Amino acid sequence: MSPASTLRTGATIAATLYTGVLLLLGLYPSEFRYLFAYIPAAVGYGVLAFDKWAWRWPLIHRISSQAWVNGTWRAVLTPSPESHIPAGGNRGPITAYMIIEQTYWSLHATLRTAESTSRSSNATIAAPENSGTAEIVFLYDNTPRVAHQHRSPRHHGACRLSVTGLIPKSATGHYFTGRFTAGDVDLMLISRSTEFGTFSEAQTADPDQTEI
């Protein structure tokens, strides 16, 4: 379980147990004299609400200063000429879709191409103090479809992206892989939804569909 999940789960369980004990003792929040006893429970649920939603509400978002990158992004990968791409491999540009699932304390990215799926680990988003630019950094594990594994084996890699502003609509960066390939990546937000389970579903939702 990730630290963010542990925090959310712990806050929810503690707040629920604490509320249950108060109710068993007959200290009902409807009675004003007992209302303040529920403050710790409210704080626990508040932590959950902040992590999931409240941090990006307009006024709080300005204070939290965390870029909101949740959604589905069209990604165009451009391998460098020095990349060790096997015969028959796609030398780009390669159209892909990156689905970013974000809370205030957690981030996960899934990149889908027509041939493979990459899932992130150790994903972080951070910005220097008083800077309008944030960086997203993550390691990933790539699993090609079976039909392509003879020339494109499973591998690991890393990606670094840069975004500007609290509600960015575009991003740029670069990637490296364990197959001795590297390149640039440019992204454009197409939807705040993260419910696309395949490359084809995301491409269908793309208003500017691009053929590979």
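This tour moves through the aromatic pairs and nonpolar cores of a predicted model.

Begin by displaying the aromatic side chains, among which the structure holds six aromatic pairs. Select Tyr97 and Phe199, whose ring centres are 5.4 Å apart and whose planes meet at 55 degrees, so that the pair counts as tilted. Colouring by secondary structure then shows Tyr97 in strand 2 (residues 94-102) and Phe199 in helix 5 (residues 199-205), so this pair ties together parts that are 102 residues apart in sequence. Tyr97 counts as buried, at 1% relative accessibility, and Phe199 is likewise buried, with a relative accessible area of 11%.

Next, select Phe50, Trp55, Tyr104 and Trp105, which ring pairs link into a cluster.

Now turn to the largest nonpolar core, which has 26 residues, and pick out Val69, Met98 and Phe138, the members that touch the most others. With the strands shown, one can see that strand 1 (71-79), strand 2, strand 3 (107-112), strand 4 (116-126), strand 5 (133-144), strand 6 (155-164), strand 7 (170-177) and strand 8 (182-191) each supply at least two residues of this core. Centre the view on Met98 and, setting aside its neighbours within four places in sequence, look for its contacts, including Trp73, Leu111, Phe138, Leu161 and Leu187.

Terms used:
Residues numbered from 1 in each chain as written. Predicted model: local features only at pLDDT ≥ 70, side-chain atom pairs only at ≥ 80, totals over all residues. Heavy atoms only, no water. Phe/Tyr/Trp six-rings, centres within 6.5 Å; stacked < 30°, edge-to-face > 60°. Helix = DSSP H or I, 4+ residues; strand = E, 2+ residues; numbered from the N terminus. Buried < 20%, exposed > 50% of the residue type's maximum accessible area, 1.4 Å probe, protein only. Core = buried A, V, L, I, M, F, W, Y, C linked by side-chain atoms within 4.5 Å. Contact = heavy atoms within 4.5 Å.
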